[in-house]
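This report describes selected helices of one protein model. The sequence and structure are shown first.

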Amino acid sequence: MTGPAALAAPAAGSHGFLSPTGVEIAFLLVGLVTFGAAVVTVTTRQLVHAALWLVVALGGLAVEYLLLTAEFIAWVQVLIYVGSVVVLLLFGLMLTRAPIGRSPDADSPNRWAALTVAVASAAALVWVVVDAFRTTWIDLDHGAAQGSTAVTGSVLFRHWVLPFEALSVLLLAALVGAIVLSRKKNAGAKEGDR
């Protein structure tokens, strides 16, 4: 079967926007939960609760990667971001002796300006992504190799090495900064005791 009949055959069996599959419904529901957790992360006034809601948001992203058949990226998300980054944040909170309850320092009078910048940034990001991938369609049924370790490693170490290295230096600087801040507070307390 060649010609127009061969091209029309897959289109007849495919589903449309109004008839989503179970994976697409699960993707949407997990996306909504992840979005809700991200909103609670940035709006809560308790720093420890913000870190714990961040775990939920990052875990939701890992589930989204699993639904997109990118198992390697999902496990990297769990091990590095959910495991390491959130533990680093909690250690930073402990080392700087941040308040456990409500923190008045976490509130800002510039809330509306921050909300305006956040909405504008989100709109620009959505516009750029939609414009970049407008004509691209990923077939998840026959494209399982896209999320494989070989393809991911090839793309990661060919195009994205510098951003990952910059992120690791940023996390190391945050941990060192937390240690320096805690030592300054301890030194000030010891001098006050004398």
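What should the 22 residues of helix H2 span at 1.5 Å a residue, and how far apart are its end C-alpha atoms? The expected span (1.5 Å times one less than the number of residues) is 32 Å, and the end C-alpha atoms of H2 are 32 Å apart, which agrees.

The model is predicted: local features need pLDDT of at least 70 and side-chain atom pairs 80 or more, while totals for chains, interfaces and linings use all residues. Residues are numbered from 1 along each chain, and side-chain values use heavy atoms, without hydrogens and water.

Helices are DSSP runs (H or I, at least four residues), numbered from the N terminus.

| Helix | Residues |
|---|---|
| H2 | 22–43 |
| H3 | 47–67 |
| H4 | 71–95 |
| H7 | 161–193 |

In H2, Thr-34, Ala-37 and Thr-41 are buried (under 20% relative accessible area, with exposed over 50%, 1.4 Å probe, protein chains only). These residues cover an arc of only 60° around the axis (from directions to the C-beta atoms), which puts them on the same side of H2. The face turned away carries exposed residues, including Leu-28 and Phe-35. Helix H3 is among what covers the buried residues of H2.

H3 and H4 pack at about 175°, with axes 8 Å apart (lines fitted to C-alpha atoms over the stretch in contact, angles from 0 to 180 degrees between N-to-C directions). They are therefore roughly antiparallel (over 145 degrees).

In H7 lies Arg-183, which counts as exposed at 62% relative accessibility.

Terms used
Helices (H or I, at least four residues) and strands (E, at least two) are DSSP runs, numbered from the N terminus. Contact means heavy atoms within 4.5 Å. Angles under 35 degrees count as roughly parallel, over 145 as roughly antiparallel, 65 to 115 as roughly perpendicular and the rest as oblique.
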